[in-house]
Amino acid sequence: MNMQIAITGRGGQGVLFLTRILAECALRLGVEVIASETHGMAIRGGSVISTLKVGSYRGPLIRSGQADLILALDEGSVDTYAHLLAPHGALILNTPRSSSSPAIDATGMAAGIGSPLMANLILLGFALKFKKLFCDYSLAESVTKAISPERFREANLNALQLGYSASDPEGDG
């Protein structure tokens, strides 16, 4: 199993937490994993990208045209990082508007449940639904439960389930 994933967004959106969940999923599957993160100039609101390579790789960075999947928490980050996507790759996007990619208004849904910081888990649940990741929903749910701080555990699991059960506005899911 080899998979290269880029998770993009802005500081404070939970890019690093998503990376941690997916890295832990790989470890539980007994698969090698390498992760890297790059922060923009601002701590909050600045551009953030994490790269995750699952399988036998030597370095953490993803070259242009090599990402199997981009999870974009911020629509504005797509222009910056779209070059990473492989021709066969998939982009799953957090946006209130429909696009040609599988998309979900994770931010709006998170605000709707009173947990605006849970957009990352809604997007992850949505991505798991499309079976574009190396792991399944059950494993991601187990890892999320295990690594979430107790005070956020139930909300995190609810957000993950909400994304997984959401329908794609384009009718692909």
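Predicted model: local features only at pLDDT ≥ 70, side-chain atom pairs only at ≥ 80, totals over all residues.

Guide: Cys 25 is in no disulfide, and the nearest cysteine sulfur, that of Cys 135, is 4.0 Å away. With a disulfide needing two cysteine sulfur atoms within 2.5 Å, the 4.0 Å between the sulfurs of Cys 135 and Cys 25 is too far for a bond. Are these two cysteines buried or exposed? Cys 25 has 0% relative accessibility, so it counts as buried. Cys 135, at 9% relative accessibility, counts as buried too.

Cys 25 takes us to helix α1, where it is one of the buried residues. The helix covers residues 15–28, 14 residues in all, and spans 20 Å from its first C-alpha to its last, close to the 20 Å expected at 1.5 Å a residue. After α1 comes Gly 30, and its phi is positive, near 75°.

Now step back to the loop between β1 and α1, where you will find Gln 13. Gln 13 has a relative accessible area of 14%, so it is buried. Its side chain has two backbone partners worth a look. A polar atom of the Gln 13 side chain lies 2.7 Å from the backbone nitrogen of Arg 10, and the side chain of Gln 13 also reaches the backbone oxygen of Leu 73, at 3.3 Å. Leaving aside residues up to four places away in sequence, Gln 13 touches Leu 73, Asp 74 and Asn 120.

Arg 10 leads us on to the strands. Strand β1 covers residues 3–10 and runs antiparallel to β3, with eight bridges joining them. In that pairing, Arg 10 stands opposite Ser 47 of β3. Why is strand β3 described as largely enclosed by the rest of the structure? Seven of the eight residues in β3, which covers residues 47–54, are buried, so the strand is largely enclosed in that way.

One last stop is the aromatic rings. A search of the whole structure turns up two aromatic pairs. One of them joins Phe 126 and Phe 130 in an edge-to-face arrangement, 4.9 Å centre to centre with 70° between the planes. Phe 126 and Phe 130 are both buried.

Note on methods. Residues numbered from 1 in each chain as written. Heavy atoms only, no water. Buried < 20%, exposed > 50% of the residue type's maximum accessible area, 1.4 Å probe, protein only. Helix = DSSP H or I, 4+ residues; strand = E, 2+ residues; numbered from the N terminus. Pairing = 2+ DSSP bridges. Expected span 1.5 Å × (residues − 1). Phe/Tyr/Trp six-rings, centres within 6.5 Å; stacked < 30°, edge-to-face > 60°. Polar contact = N/O pair within 3.5 Å; in protein donor to acceptor, adjacent residues only side chain to side chain. Contact = heavy atoms within 4.5 Å.
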